[in-house]
Amino acid sequence: MTSANGIKSAFLIQAINALIMGVVFIVLPLLMMERGISIESMGLIFAALPLVTQSTRLLFGIVSDYMGRKRFYWLNAFMNMSFLAIYYLAITPLGFLFGKICEGIRSASLWSVNRAYFIDHSKEKEEEMLVKMRGVNSVFEALGTIIAGFLVAMILYEKVLLFLIILSLLIFPNVKMLKDKFRGKIKPMIIFKALDFRHKGKKFKNFILIFFLIGLSWGLISGYILPLFLKTRGVTIGNIGVLLGVWTFLNGIFAYIFHSIWSGKKKILVGGILSSISISVLSFCDPVLLPLLIFCLGVANGIANAGYETIFVSVADYNSLGRDIGILMIGTHLGMSITQALSGFVITSLGFSILFITSAVLYLLFSVTAFYNMNGQEI
């Protein structure tokens, strides 16, 4: 089996995961509403996802640096079936919380190793391969988001979840095709030593804090929030899927278009400024203009995301990619958990406007601080 075959299978796994999550992105909040879950409970339930993802992702990344990436792709395959089955059966907040925990492990098992796997096996430029991966992820997540509304319109939520469980089975044969690199056995002391990042440079430590800002921002617009917001503005379920699907699709396309245009720091700054403007006016926008604003947000996010991948390439150590990327993402997931937990209470008491404005300000702060910490890159 060639490395090229392994890369192809890894892309297919990424695509299937993204397609599933694109559908879940639309279906889950609406299913929870239908089953009587309050907005406050939704915020707390969704806040569990980044916490679980981060705590397991870091451990998975460290272990994969020594024992290979493939076993975590196997875990991803099993957890995809598990979290979908739990959502299918859940009728209480506790049931959905358990589903979120399993979804977090599913996410961690993929994102703790995918970037490292592509860098391990690709002969292309690292940054280009990572942007290509993000592009594939965005395109298939967009496809899932777009078809979600139509699936719900044609069949019940439960049957949509059954369809996704069947789709998740396609991950297994692709995992079998992956080529792995084993680096040796791992002992508990190695894990504890790997978690100690005091020896890492100032730039690395700065970006842990900088990613905390983007996590706070993302937590105020991600998860259940945008689908719920659009529903309150009178957008039909089918159109919610189309709008958010177009947003995700443009995100991926423009990330790919800009991967070889401008420096990483310029993409982060320009994309961040444009994203902040789009987010800040979202709740004040006339419903007729929502498609245009979603289009602008997708383009802006795509430019910014093309810049994010350059951070991982320039800051992470090649010999400990899984660990370093996991540590860098601590700030992101912690920030998301905090604001997701608060989001439901903010929406019920103050509305969406304060949520989006705060997100826009935090996004801008992230972009500016990341720009000034990307040393060694030309503008």
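Aromatic pairs come first: this structure holds 16 of them. Here, rings of Phe, Tyr and Trp (its six-membered ring) pair if their centres lie within 6.5 Å; planes under 30 degrees apart count as stacked, over 60 as edge-to-face and the rest as tilted. Keep in mind that this is a predicted model, where local features need pLDDT of at least 70, side-chain atom pairs count only at pLDDT 80 or more, and totals for chains, interfaces and linings use all residues. Residues are numbered from 1 along each chain as its sequence is written, and side-chain values use heavy atoms, with hydrogens and water left out.

**Aromatic rings**

- A pair of aromatic rings is described by the distance of the centres and the angle of the planes.
- Take Phe60 and Phe72, a tilted pair with 5.0 Å centre to centre and 35° between the planes.
- That pair links distant parts of the chain, with Phe60 in helix α2 (residues 39–67) and Phe72 in helix α3 (residues 70–89), twelve residues apart. Helices (H or I, at least four residues) and strands (E, at least two) are DSSP runs, numbered from the N terminus.
- Both Phe60 and Phe72 are buried; buried means under 20% relative accessible area, exposed over 50%, and partly exposed in between (1.4 Å probe, protein chains only).
- Phe371 and Tyr372 pair up edge-to-face, at 5.2 Å centre to centre and 90° between the planes.
- Are these two buried or exposed? Phe371 counts as buried because its relative accessibility is 9%, while Tyr372, at 62% relative accessible area, is exposed.

- Thr339 is part of helix α16 (residues 330–350), and its relative accessible area of 8% makes it buried.
- A polar atom of the Thr339 side chain lies 3.5 Å from the backbone oxygen of Met336. A polar contact is a pair of N or O atoms within 3.5 Å; within protein, one must be able to donate a hydrogen and the other to accept it, and residues adjacent in sequence count only if both atoms are side-chain atoms.
- Not counting residues up to four places away in sequence, Thr339 touches Gly215, Leu216, Gly219 and Leu220 (contact means heavy atoms within 4.5 Å).
- Ser222 sits in the loop between α10 (202–219) and α11 (225–232), and is buried at 18% relative accessible area.
- The side chain of Ser222 has a polar atom 2.6 Å from the backbone oxygen of Trp218.
- Leaving aside neighbours within four places in sequence, Ser222 is in contact with Met336 and Gln340.

**His259**

- You'll find His259 in the loop between α12 (237–257) and α13 (264–280), buried with a relative accessible area of 15%.
- The C-alpha atoms of His259 and Gly307 are 7.5 Å apart, although 48 residues separate them along the chain.

**The whole chain**

- The protein chain has 17 helices and zero strands.
- Of its 379 residues, 60% count as buried.
- Among contacts with a separation of 6 or more, 87% are between residues 24 or more positions apart.
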